[in-house]
Amino acid sequence: MTTTLDGHGISIDLPAAWEGRLGVRRSPADTFDRETGVRPRSLAGALDRVAPAGNQGWSGERAQPLVHLANFPLPVDRGDFGSGAVDVMGSGGILVALIEYGAESAGTALFAEQGLPQPLPGQFDPNTLQRRISGQYGYQRFVTVAGRPFCVYIVIGSAAGLGPRTAQAREVLAGTRIESR
Amino acid sequence: MTTLSERIVEKIAIGWRAGSSRRSFLSGAAVVGTALASNPWRYLTRPMTAYASVCGEGAACNEGWSAFCCTVTGANQCPPGSFVAGWWKADQSGFCCGSARYYVDCNAACGSDWTCHCASGSCDQRRVACNQFRYGQCHQEIACYGPVVCRVVTCTPPWIFDDSCTATSLTDNRTVTHSAPCLPGNCPSTITQYYYDHGGPGGTFGPATSAERAGADGGRFAAFSSGVLYTTSGGGVRALTGTVFTRYKAAGGPTGALGYPTGVPTAVTGGLAVPFQHGSIYRGANGKSYSVSGAVGEKWRAIGKLGSGLGLPIAQSLKTSDGNIRQKFTGGAIFISPAHGAHVVKGSIFRKWIDLGGSGGVLGVPIADQAVRAGFQATKFTKGTIYSAEATGTRAVTGTLYTAYRAAGGTGGALGLPVEDEVRTPGGSRSQRFQRGGLFWTAHSGSHPLTGVYWAKWRAIKGTVSGLGFPTSGQVSPRKGQTRITFTHGAMYHSAATGVHYLTGRLHQEYARLGGSVGSLGLPTSDPVTSGSKITVTFVHGSLVLDTTTNTIVRKS
Amino acid sequence: MTALVAGLTVLVLVMAVLVAGLLRSHASILRRLHTLDGGEQESSAVSAAPAIRTFPGVPQPLGDPVPGAPAHDLVGRGLTEESVVIRTTGVPHNTVIAFLTSGCSTCQNFWQAFADPVDIRLPGGTRLVIVTKGLDAESPSALLPLAPDWAEVVMSTKAWTDFRVPGSPYVVAVDGPSGRVKGEGTGMSWEQVARLLAQATGDLSYLSDTSGRSVKPVGDAERESRVDHDLLAAGIMPGDPSLYPGVEARS
């Protein structure tokens, strides 16, 4: 059953068994607890320092719309390029990430390609991954759609069935509509 | 031949784990030591390897992450053949004291020869130049890219860290524990953060040469092989590198003459100024740096430093064998003598002083700072003074002429300001012109001024050219209403009725023999007039005619 | 001599503590074995579970529970303005949906339980999703402090309607492959609901005291996770014969 995920001028028809998240990552500063302070994380166990208020280091960053689509349950804690999700992805899993960049990136050489891509099985590579995970294949393209710069990043769980899964990813991308801002 | 200590380590390694080499034992011990140093409680109380305690999660090559650049090259910077290609952050990182920690990917440039391999040499054994992936916020003008060679970490937002990066924020909190032995530990000081932002030990500042410590005014200070970093009470990290650092190092660093840096390096006219506890270092437009400190520095502060108009130093202070200290600046010098203290000589007066031999020349050493008077400036030296005015230029008055000048009232007297430097004749006589007169000195008769009508006459008849020579007396009054000045070869006479006239040679001798201005001829009423072979001078009561062919003088009534 | 006596005294005390601990551990093991053998169930989780829809003061479900009723996918928005589509039907995994509100007092027990998930037990491959009403009835700012960081929170009034939720708190277990509701009900606490779910689904994994799981050091858990991941990456699934060399040898 197709279900539509939409927001921020992006609309995606999700095939059956596919789920998705579409939004803008919230800045940690928005949820900073000034009474208890932030619990800094680094090497586990290094939790003895509390960040001083007003020194959160997030000022100036600009979060952009971000889409995660998958044919498996997406975990809550995900990196923007799908870390966390790809860790629990099975061999039949497909993750499609659609990441928007700031308007200043439109028109640059990196985003010169126009329109959403239609990946082919041969374009997937086990090294085209944010983090190499044995068995997984990745695909990455920077494109501009309706004047908006995006990165399309796809991870497929295994080489087996690469063709059909690439076709599924193509189907998802084909069902993606992006409006100009 | 192995040493005893090597044999002991070898035995321990063998006993520790069969097959372990001495090297692996030491390597393991080093990692354990690092783990204990960086995170002792965690390492001792949690079931984890020392590697995991230092390098965080996902440190093995087969876990798929990219290595840190400092592991690959020793510097927390993108290595040659790669470029800053994108970034992400991990929020609330202890590595950055609770702020976001940023990971900047260095992707291989197309055409570079990076090949995929696993990092080695430490517990950061992540992948090098393997992951064909890009975050994409930086150098978006570069469309062609290779794999991620390695990653740089910083607590500074990447859009500030590198101008090519945009602020489009991407996050991956799963990398929050990733680290390497070559990176700073938890919540480093601002100086350490700055240091690693510039590459760390393999970067701009090189390895540390001393531990970070308290600096001046509540700030912090750390020294490295190629620079120093410091903070001030005003906040922010400042760096001293290049010739400023070289000069600081030569001056003994924080324990030397300058002490700790105290403020922000500031652009000044013609260069850069860096303040220290006991002085300053200035870098000129030519890139050379010099310090100002000690007694010269005290004088420098007293006169208002750059506000004094001296400009930037162009040499280090120099102590001469006679105990004097001098330091040159673009617009002058500070000169200190044991007898007369520290004084400033600047501008055209300084140049004149140098032209005249400086402290070893005719003027000697300065005994006062430059005085500014109405219409002119002057600096006094032990043997004279240099005067500078727009109308008269910069002139020195020295020696016996200077003594006579002062006796004649100096700049406030009849002579006014000097308009030329002293002139010496081959015979040793000296003269100098002033605004309203001249000073003349001979060994025989000493110094005498010419002013007023006599000066005007002397100039009109071209002085020494006329045959008069230098004055040998001051102005005398043989009789009321008339005055006279004698010269080497004649004299000038003046009265209100007759004006000023001169006589020279035989005519002057004959006139003197006849009683001069108080004799029967009275005062001259003309200068010598030449007509053919005869030279005639008329007087109130007659005239004298010199026939140059016979050298005879005839008096006419 | 005094030091020797003092030292021995300390040693005896330490040994006494260790013996007491071992005895306590032994007793606990015996008690659990007794429970599993169907002995006297003075604290049996399953038998102690409150009857469905009969807990005093808790709203009754609308009509009888209808195991096997069609379930619905969850479509709504997250707490940070993101659009969310979560599949519960036609997927290989199961989903437990907790319908909560920020205002109901009983829901606070659930929010608190989810905030400290040590005692939250779910069968393997089962996902917990918390569903609140949409923006028409709830405020993200009120929910953000309550929401756990490990479970998805979806704001969707439509889901409440789809699942015919009578009130909050309310919990529905969905069988993913069939797309059907396996059980539903409510309680005063997650513990009560877990017993309810265990009873309704026949899966004791919901129960903390029979699940066989215990709180373990984080390092152990991480190590287990890594081992599992490496095995999965190598294509070795749970139950793979290679994991049981002894059995293989015997067979």
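**Close-up views of a predicted model**

**View 1. An aromatic pair within one helix of chain B.** B:Phe350 and B:Trp353 sit 3 residues apart in helix α10 (residues 347-355) of chain B, so about one helical turn separates them. This is a predicted model, and here the two rings form a tilted aromatic pair, 6.4 Å centre to centre with 55° between the planes. B:Phe350 has 10% relative accessibility and therefore counts as buried. B:Trp353 is buried too, with a relative accessible area of 2%.

View 2. Let's turn to rings from chains A and B. Searching the whole structure gives 41 aromatic pairs over all chains. One of them is edge-to-face: A:Phe142 with B:Tyr145, at 6.3 Å centre to centre and 80° between the planes. Because A:Phe142 belongs to strand β8 (residues 137-145) of chain A and B:Tyr145 to strand β5 (residues 145-154) of chain B, the pair joins two chains. Are these two residues buried or exposed? Both A:Phe142 and B:Tyr145 are buried.

**View 3. A cluster of rings.** Here ring pairs connect A:Phe81 and A:Tyr153 with B:Trp88, B:Tyr103, B:Phe133 and B:Tyr135 in a cluster.

**View 4. A nonpolar surface patch on chain C.** C:Met1, C:Leu4, C:Val5, C:Leu8, C:Val10, C:Leu11, C:Val14, C:Met15 and C:Leu18 make up this patch, and together they have about 910 Å² of accessible area. C:Leu18 is found in helix α1 (residues 2-36) of chain C.

**View 5. Confidence along chain A.** The average pLDDT of chain A is 86, and 82% of its residues score at least 70. Take care with residues 31-57 of chain A, where the pLDDT is below 50; the stretch has 70 contacts in the model beyond near neighbours in sequence.

Notes
Residues are numbered from 1 along each chain as its sequence is written. Chains are lettered from A and ligands numbered from 1 in the order in which they are written. This is a predicted model: local features need pLDDT of at least 70, side-chain atom pairs count only at pLDDT 80 or more; totals for chains, interfaces and linings use all residues. Side-chain values use heavy atoms; hydrogens and water are left out. pLDDT is the predictor's confidence in each residue, from 0 to 100. Contact means heavy atoms within 4.5 Å. Patches are made of residues with over 30% relative accessible area and no salt bridge: like charges are joined within 9 Å, nonpolar side chains (Val, Leu, Ile, Met, Phe, Trp, Tyr) within 5 Å. Accessible areas come from the Shrake-Rupley method with a 1.4 Å probe; for residues, only the protein chains shown count as cover. A salt bridge is a side-chain nitrogen of Lys or Arg within 4 Å of a carboxyl oxygen of Asp or Glu. Helices (H or I, at least four residues) and strands (E, at least two) are DSSP runs, numbered from the N terminus. Rings of Phe, Tyr and Trp (its six-membered ring) pair if their centres lie within 6.5 Å; planes under 30 degrees apart count as stacked, over 60 as edge-to-face and the rest as tilted. Buried means under 20% relative accessible area, exposed over 50%, partly exposed in between (1.4 Å probe, protein chains only).
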